[in-house]
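Q: I'm new to this one and would like to learn how to read it. Could you walk me through it, feature by feature?

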Amino acid sequence: MLLLSATLAAASSNAPWRPPALLAAILTSTLRLVVGFVVSTTLSLLLGLMLYSFPAVNRFVGPLFLGLQTLPSVCWAPLAILLLGSNEPAILFVMVMGSTFAVSLSFRDGLRTIPPLYTRAGLMLGATGPKLLQHVLLPASLPALSSSLRQSFSFTWRSLLGAEFIFDVYPHGLGFMLQSARHLNDIPRIATVMALMVTIGILADRLCFGPLEHRIHTHFGLANTA
């Protein structure tokens, strides 16, 4: 990991607008995205499950999450700087805080769509506690889970680019390159970086999250076949 970071930093600092530097920026942002996505998604699903399972917690925490999700992800940058400084953990902090609340609420709402009959049938068959969760609720929550994963990627990707736009952290990612192009008043370079950002988002959705969601929804008879 350290060797990869050093290589990307060298490539991005020596020639910021040559193809190797663009590739290094893409790899840097992608690596940060994977880490942020895994952390934020895991946390979001656990919180969403908690809100669904404990109504008393949901009544207290749910409105707070609803308010926090309205904050643009860049609003967490000043707090990240004060708590962590301008570094990789600060970028991760912005990604997690920028996506966790919205995705956890989305997953909670998706779990609420599970027919109560499933729970009653599981209880009648002797599935209680962890067994009910493992054999009934989790399989039934797959449609909500697939939609939440898609949403989590979107929020994490936007939060990452916003954080990179603000933080000057080596190795530099696409967000920093967009900021550099702004300082240079270079519209073609801005358009190029924005096109790369959009392309990565489209590829991730079309090649991974879209097919996964469609397959799961088809399995549960929820897909639109028209």
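**Reading the model, step by step**

A: Let's begin with a proline: Pro139 lies in helix α7, which covers residues 130–140. Keep in mind that this is a predicted model.

Q: Which residues have the most contacts inside the largest nonpolar core?
A: In soluble globular proteins, nonpolar side chains tend to be buried together. Here the largest nonpolar core has 35 residues, and Trp157, Phe167 and Leu174 have the most contacts inside it. The elements giving two or more residues to this core are α2, α3 (55–68), α4 (77–84), α5 (88–111), α8 (142–166), α9 (174–183) and α10 (187–219). Helix α5 gives the largest share, eight residues. Another core of 10 residues lies apart from this one, and its members include Leu111, Ile114, Val136 and Leu137.

Q: What does Trp157 touch?
A: Not counting residues up to four places away in sequence, Trp157 touches Ser29, Leu33, Leu174, Met197, Ile200 and Gly201.

Q: What about Ser148: where is Ser148 found, and is Ser148 buried or exposed?
A: Ser148 is found in helix α8. Its relative accessible area is 1%, so Ser148 is buried. Beyond its neighbours within four places in sequence, Ser148 is in contact with Leu45, Val103, Ser106 and Phe107.

Q: How many aromatic pairs does the structure hold?
A: A pair of aromatic rings is described by the distance of the centres and the angle of the planes. This structure holds five aromatic pairs. One aromatic cluster is formed by Phe65, Trp76, Phe93 and Phe101. A ring can have a charge over it too: the charged end of Arg158 sits over the ring of Phe155, 4.8 Å from the ring's centre.

Q: And how many disulfides are there?
A: What to look for is a pair of cysteine sulfur atoms within 2.5 Å. By that rule, the count is zero. As for the cysteines Cys75 and Cys208, Cys75 is partly exposed with a relative accessible area of 41%, and Cys208 is partly exposed at 39%.

Q: Which residues does a cis peptide bond join?
A: Look at the omega angle here. A cis peptide bond joins Tyr170 and Pro171, with omega about -10°. Pro171 has its place in the loop between α8 and α9.

Q: Where is Asn185, and what is its phi?
A: Asn185 is in the loop between α9 and α10. Its phi is near 55°, a positive value in a residue other than glycine. At 67% relative accessibility, Asn185 counts as exposed.

Definitions and conventions: Residues are numbered from 1 along each chain as its sequence is written. This is a predicted model: local features need pLDDT of at least 70, side-chain atom pairs count only at pLDDT 80 or more; totals for chains, interfaces and linings use all residues. Side-chain values use heavy atoms; hydrogens and water are left out. Rings of Phe, Tyr and Trp (its six-membered ring) pair if their centres lie within 6.5 Å; planes under 30 degrees apart count as stacked, over 60 as edge-to-face and the rest as tilted. A charge sits over a ring if NZ of Lys or CZ of Arg is within 6 Å of the ring centre and within 35 degrees of the ring normal. Buried means under 20% relative accessible area, exposed over 50%, partly exposed in between (1.4 Å probe, protein chains only). A nonpolar core is a set of buried Ala, Val, Leu, Ile, Met, Phe, Trp, Tyr and Cys residues joined through side-chain atoms within 4.5 Å. Helices (H or I, at least four residues) and strands (E, at least two) are DSSP runs, numbered from the N terminus. Contact means heavy atoms within 4.5 Å.
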